[in-house]
Amino acid sequence: VERSLESLAREVGGKVMGDGSVVISGLAGIEGALEGDITFVSNERFIPLLKETKASAAIVAREIPDVSLPLLIVKNPLLAMAKILTAFTQKPYVAGGVSAMAWVSPSATVSKDATIHPFVSIGDEAEIGSRVTIYPFVSIGPQAAIGEDTVIYPNVTIYPRCVLGRRVIVHAGTVIGADGFRFVKDGEANVRIPQVGIVEIEDDVEIGANCCLDRATFGKTLIKKGVKFDNLVQIGHNVQIGEHSIIVSQVGISGSTKLGKNVTLAGQVGLVDHIEIGDNVMIGAQSGIAKDVPANQIVLGTPHLPYRQFLKVAAVWSRLPEMKKELALLRKRVEAFEKKTAIEEEKE
Amino acid sequence: VERSLESLAREVGGKVMGDGSVVISGLAGIEGALEGDITFVSNERFIPLLKETKASAAIVAREIPDVSLPLLIVKNPLLAMAKILTAFTQKPYVAGGVSAMAWVSPSATVSKDATIHPFVSIGDEAEIGSRVTIYPFVSIGPQAAIGEDTVIYPNVTIYPRCVLGRRVIVHAGTVIGADGFRFVKDGEANVRIPQVGIVEIEDDVEIGANCCLDRATFGKTLIKKGVKFDNLVQIGHNVQIGEHSIIVSQVGISGSTKLGKNVTLAGQVGLVDHIEIGDNVMIGAQSGIAKDVPANQIVLGTPHLPYRQFLKVAAVWSRLPEMKKELALLRKRVEAFEKKTAIEEEKE
Amino acid sequence: VERSLESLAREVGGKVMGDGSVVISGLAGIEGALEGDITFVSNERFIPLLKETKASAAIVAREIPDVSLPLLIVKNPLLAMAKILTAFTQKPYVAGGVSAMAWVSPSATVSKDATIHPFVSIGDEAEIGSRVTIYPFVSIGPQAAIGEDTVIYPNVTIYPRCVLGRRVIVHAGTVIGADGFRFVKDGEANVRIPQVGIVEIEDDVEIGANCCLDRATFGKTLIKKGVKFDNLVQIGHNVQIGEHSIIVSQVGISGSTKLGKNVTLAGQVGLVDHIEIGDNVMIGAQSGIAKDVPANQIVLGTPHLPYRQFLKVAAVWSRLPEMKKELALLRKRVEAFEKKTAIEEEKE
């Protein structure tokens, strides 16, 4: 693909400074860029590197004096970069059809323009939408449904009756719809509570590699529109996650917990079951959350605290041994005083 | 399946209040239940909902006045619910035979009434018992043995010589028998210690999705009868887990550590190597356990403390900055005092 | 394989005490060893067991009086054990060729002496080196390259263009080259930044089961020579890990973070993005690392502290409630004093 800088500017709603007719054929980082590439500066401290880059143009947030390079000025360079890189790298969809080396149940419905690679297994009454791509070693359980334009990478397992929306991306090794972890004691033994619900994943959700999203006991585990998961995330039965939330790697969310819209959980966070996290909450890495968090809070720690308070506590925490010594010393000084006074009082 | 309420009561050892002849054809949550369903109340606070449910009967722990619904009264409604739901949802096993699209070594032994789906690989001299179900993309290594009625979901890997008991369930993506993580330094390089042991899993164990259970260096990693694992759990080489223990999601247990019977490890707990956890121990979420825990304890934290003590410490922890200020203030007050006294003494 | 004790001693650079002509045919732990086995003592406290072992010889670190067993004396018994066990258990490579039940793109290059099991998928223009073994349900993406003598266990996914060196071992379920987790907000929505880089894995790296190593945004995520990963490890986009580092189970390393040589990260450690960890650093289990760690440090905790300091802090931490009480008591004593003095001063 070749594009003029001007046409790229129109596409991302930016303005050009310098020669808008320069031809751009790719996008690269500031140091790896070659002639014909456009590069980008999303952090002011990299501006000096613009003088050395071999790129033919740069996406920036403001006018930069003394730079000979043609510039594409936008409010959010990283967003413009994402859009332009997508334009350069996205290949048009070509329907591959169903491989003769796949196994598709006669009762399944597979769109004529889907792409089913070799070694895919599609169960009874499953439904595969238009322009869906399913890579090798993916198991689609009976009565599962996969929406249009969804991509499922290798070695993914979709259990029976689970539903994926449109433009969903599921990375390799992820498991959707395994049984929720619910047992009840019968004497010593743990008796399994059958998990008869499903997992439903709405449009534009992306799921990283080796994640586990458990099916509901009844009803559904629900991942709303636009949610993004990193790798190795654990989602318990009956969890709900609100629109556009971000779940970073190795997070674990226990059964029936509900997240609002636009929540961010940083890496390795753990949430207990049956709590509610409000809209726009941000939870710092490794936090352990044992109760509700109201909307619009930034919290951190185990037990969690407001972000600023956590930083203060953490700063003192490392000085605990000194505090303990100080306390002991002070006690001695007070005791010495008390003794002395007692003696003086006796004298009196 | 259709059952009278009376026959269900007999099955779970409960008693009926109201019309025992009502016909039940399913089980559902109190809000999702329809006519013909039985529902259940395992928590007193949901009792008021019984007046609104569309269910035809309810499993409860005690007589409830003013409810027109026929009731099934049992000691443990959740346990009765698990049993009844199982009765309604469990399908009779139908042997599917070996798919022509599976690969089975000529030296493997597969029971005639097993069900081997397409795209399964069964290695040399492996043994697959009666009524075993193996889903697509499962690799059974050479000389592995799978006991009767066991179910292995898609994309599971069983390494050579590992042994699974009867009625075991292994969810998708789990890996049983990969090498234990043991290296020894040779100058800079890390030299691998071959892991020649196995993993043995006893009867009635259930393993979640994307777990890893490593084989032993020598001997075996041993998971005893009735243990239940959630998803993404890590079990090191030579670990032993006692009967009926519960291991929640994202727990990691390091090499050679031993757990007693009926232990519960909550989510994201980590255990170092070579320690022992006694019978009936409960360890709270995210705890880091670096030494033995005697039987019958409830512990929490890193380093771990008895549960009640942990709560006290955690309550004070967030007030560390105030404590530090208070300490500084007190020091000043004592100093002021000491100075004053010194002056007075000089005067004298 | 049968070997004389003398020939084993020559191989590992040790010296024999006792009969060097004894024939050894295996290696086993001190309690499981049988006649014909050599055993080993890597910890002084197991020396007494030498009197009871059925082994025919033992690897030890020093001369041991009163033991009738022939001894192989070496500096590092565990290292000698690793080498001898490898000698006894390593089978000569036999090329299995490409299974008729594998799918190999016509444009891929597969060495004639590779072993490609049934149900393997090898994409366009991929390159598979000599003596490579690929187990069932492995997907090798287009243009990926696998170096000589590398072993890839079942259910592994290698994304397009990723590069693995020689003698690499990848355990089951691991995913190499899924998209890095980078999104940019566009109003409410999260817009994906295409990840056009790769993962490169150098020689002699070993990767555990169900790990995730993400591809770079641009350039490469780089795992240098001899690095060893345990299971369920998360490696973000553009991470670099220096030679011979050890990454224990359930560790998460965020995007663009760099580790030096010979670093050790214990289990469940989390590292934020864009930090640097120096050579030979050791980080204790469950630590959360939010800033650079200079070379040759041992650190622990969240926030992390030098190891010794952490132990001191942790010791005080459990006594926080007592400290708080003590502080309150002291304040009262000081107040009482101050009041008294005030009264006395008034009197004066």
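**Arg166 and Asp203, chain B**

I started with the salt bridge between the side chains of Arg166(B) and Asp203(B), 2.9 Å from N to O. For a salt bridge I want a side-chain nitrogen of Lys or Arg within 4 Å of a carboxyl oxygen of Asp or Glu. Arg166(B) sits in the loop between β19 and β20 (169-170) of chain B and Asp203(B) in the loop between β24 (198-201) and β25, so the pair ties together parts 37 residues apart in sequence. Strands here are DSSP runs (E, at least two residues), helices likewise (H or I, at least four), numbered from the N terminus.

Is Asp203(B) buried or exposed? I find Asp203(B) buried, at 16% relative accessible area, while Arg166(B) is partly exposed at 38%. My cut-offs: buried is under 20% relative accessible area, exposed is over 50%, partly exposed is in between (1.4 Å probe, protein chains only).

**Ground rules**

I am working on a predicted model, where local features need pLDDT of at least 70 and side-chain atom pairs count only at pLDDT 80 or more, though totals for chains, interfaces and linings use all residues. Residues are numbered from 1 along each chain as its sequence is written, chains are lettered from A and ligands numbered from 1 in the order written, and side-chain values use heavy atoms, leaving out hydrogens and water.

I searched the whole structure and got 45 salt bridges over all chains. Glu206(B) and Arg192(A) make one of them, at 3.4 Å from N to O. That pair crosses between chains, from strand β25 (206-207) of chain B to strand β23 (189-192) of chain A. Glu206(B) counts as buried at 10% relative accessibility, and Arg192(A) as partly exposed at 27%.

In chain A, salt bridges that share partners join Arg166(A), Arg167(A), Asp203(A) and Asp204(A) into one network.

**Chain B against chain A**

How many salt bridges run between chain B and chain A? I count five. One of the residue pairs joined by a salt bridge is Glu335(B) with Arg333(A), at 3.9 Å between the closest N and O atoms. The contact (heavy atoms within 4.5 Å) takes 61 residues from chain B and 69 from chain A. About 5000 Å² is buried between them, with 67% from carbon and sulfur atoms; buried area is the accessible area (1.4 Å probe) lost on putting two parts together, summed over both. On the chain B side, Phe137(B), Trp317(B) and Leu327(B) lose the most area to chain A, together 12% of what that side buries.

**Symmetry check**

I laid chain A on chain C with a turn of 120° and a shift of 0.0 Å along the axis, RMSD 0.1 Å. That is the relation of a three-fold axis.

**Cys162, chain B**

Last entry: Cys162(B) is in the loop between β18 (157-158) and β19 (163-164) of chain B. Cys162(B) is buried, at 0% relative accessible area. Not counting residues up to four places away in sequence, Cys162(B) touches several residues, including Ala144(B), Ile176(B) and Arg215(B).

Definitions and conventions:
Copies are superposed by least squares on the C-alpha atoms of residues with pLDDT of at least 70 in both.
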